[in-house]
Amino acid sequence: MELLLQLVIIILATKIAGAIAVRFGQPSVLGEIIVGIIIGPAVLGLIGNINDNELLHTFSELGVIFLMFFAGVETNIKDLTSNTKSALTVAVFGVVLPLVGGYLIGESFGMDPTHSLFLGIVLTATSVSISVQTFRELNQLKTRESATVLGAAIADDILGLILLAVVISITVGGDVSIPTVLMKQVIFFAVIILASWKVVPAISKIVAKFKSTDISLVFAVVLCFAYSYFADFMGISNIIGAFFAGLSLAADKSRIEFEEKLLPTVGVLFIPVFFAGIGLAVTFKGIGEHMGLIVILCVVAVLTKIVGAGIGARITGFKTISAILIGIAMVSRGEVALITSGIGLEKGLFTQEYYTPLIIAVVFTTVVTPPLLKWIISIKEKRTSV
């Protein structure tokens, strides 16, 4: 089967590239994304665009779902809830500045107002899956900054979805109803909170009586998929559901077994496909015609998140170095922006002419986040140790 050969190439390439990245003092995720660009249609063409390969795309989606599930498992619920104010403020400022920046870029390049607004909406997206992996590699996943970033990413996803629904309903109409979108979000969080508070702990106690690791693992996987499906069904990113599934098991006695037995498996098979898949989505077709736009998009995409989210963190009590760290952790647009871009192209909110520059800018934010994050964390640790 062709899929098996593709998996062989991706797994070997990502592991080698990850090791090389670590050798040069960078997080392994950086090498895994870059090697995806190299083996993909942009350079060697060993593997085609992941969006054109349904099976690989499914592996990639499972990868990010498991990644966010384990982010939830490793998150301290008290830290997450105690930073709600900071997370919401970071999310709001981290949405407003990119939205304005993207709109102004569109206007300056002669796009019509609808396309300019959609460009801004894409730049508001945040995918913390890259930052989560970097935090994990640097043993920073249980810090206050990490908890704030995770909370802000959830709020960011909700705000972005509302903005997208508003634009679609105004410009193309159809069956998109803003009140319905809001109601679905309210229902989703109400059900998830109730289930995580009452249902999951009760089932966990029953599962624990069997004294079998396999049953605990099955329960964890089923819960992860169920939450992810419910989120997707309610119009919310499935990774938000996966995160809450993990969060509901954060205090479970079997959580260490999840990390020891399940994480290595998905870490070898699914997660590398996700990181490589970001690079596999890149194509340099028509890049020369829009080089100026690409450069400006990349710069604005990075700076507006760092400044916007950083301001939000600073005014809620974080020191400057921590505020910058949070801003950098919010830079990656990843799969969230890629999905949003695809929706916009399908709905006529964006033209094919500007699609490639936008995708390249999205990938750039994803590639640049790990080294920037490691750099700022090293500076923070040096200041702390002095």
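In α5, the residues in contact (heavy atoms within 4.5 Å) are Gly94, Val95, Pro98, Leu99, Gly102, Tyr103, Ile105, Gly106 and Glu107. Their partners in α6 are Pro113, Ser116, Leu117, Leu119, Gly120, Ile121, Leu123 and Thr124. By class, this contact has 10 nonpolar, six polar and one charged residues. Here Ala, Val, Leu, Ile, Met, Phe, Trp, Tyr, Cys and Pro count as nonpolar, Asp, Glu, Lys and Arg as charged, and the others, Gly among them, as polar. Helix α5 covers residues 84-108 and α6 covers residues 113-124. Helices (H or I, at least four residues) are DSSP runs, numbered from the N terminus. The two axes come within 7 Å and cross at roughly 145°. Axes are lines fitted to C-alpha atoms, for helices over the stretch in contact, and angles run from 0 to 180 degrees between N-to-C directions. The crossing of α5 and α6 is right-handed. That term means that the near helix is turned clockwise from the far one by less than a right angle.

This is a predicted model, in which local features need pLDDT of at least 70, side-chain atom pairs count only at pLDDT 80 or more, and totals for chains, interfaces and linings use all residues. Residues are numbered from 1 along each chain as its sequence is written, and side-chain values use heavy atoms, with hydrogens and water left out.

The largest nonpolar core has 124 residues. Such a core is a set of buried Ala, Val, Leu, Ile, Met, Phe, Trp, Tyr and Cys residues joined through side-chain atoms within 4.5 Å. Buried means under 20% relative accessible area, exposed over 50%, partly exposed in between (1.4 Å probe, protein chains only). Met68, Phe69 and Phe244 touch the most other members of the core. Helix α17 (residues 352-385) gives the most to this core, with 13 residues.

Met68 shows what such packing looks like. Leaving aside neighbours within four places in sequence, Met68 is in contact with Val128, Ser129, Val132, Leu150, Ile239, Ala242 and Phe243. Ile239, Ala242 and Phe243 are among the buried residues of α11. All 11 of the 11 residues of α11 (residues 238-248) are buried, so this helix is largely enclosed by the rest of the structure. Its buried residues also include Phe244.

Thr134 lies in α7 (residues 129-137). Thr134 counts as buried because its relative accessibility is 0%. Beyond four places in sequence, Thr134 is in contact with Pro27, Val29, Pro370 and Leu373.

After α7 comes Asn139, with a positive phi near 55°. Asn139 sits in the loop between α7 and α8. Most residues other than glycine have a negative phi. Asn139 is exposed because its relative accessible area is 70%.

How many salt bridges are there? The count comes to two. A salt bridge is a side-chain nitrogen of Lys or Arg within 4 Å of a carboxyl oxygen of Asp or Glu. One joins Lys380 to Glu145, with the closest N and O atoms 3.6 Å apart. Lys380 is in α17 and Glu145 is in α8 (residues 144-171), 235 residues apart. Glu145 is buried, with a relative accessible area of 8%. Apart from neighbours within four places in sequence, Glu145 is in contact with Phe318, Ser322, Leu325, Ile326 and Lys380.

The other bridge pairs Asp156 with Lys305, with the closest N and O atoms 2.8 Å apart. Asp156 lies in α8 and Lys305 in α14 (residues 291-314), so the pair ties together parts that are 149 residues apart in sequence. Both Asp156 and Lys305 are buried.

The C-alpha atoms of Ser60 and Phe270 are separated by 6.2 Å, although the two are 210 residues apart along the chain. Ser60 is buried, with a relative accessible area of 11%. Setting aside neighbours within four places in sequence, Ser60 is in contact with Ile50, Val273 and Phe274.

Definitions and conventions:
Helices (H or I, at least four residues) and strands (E, at least two) are DSSP runs, numbered from the N terminus.
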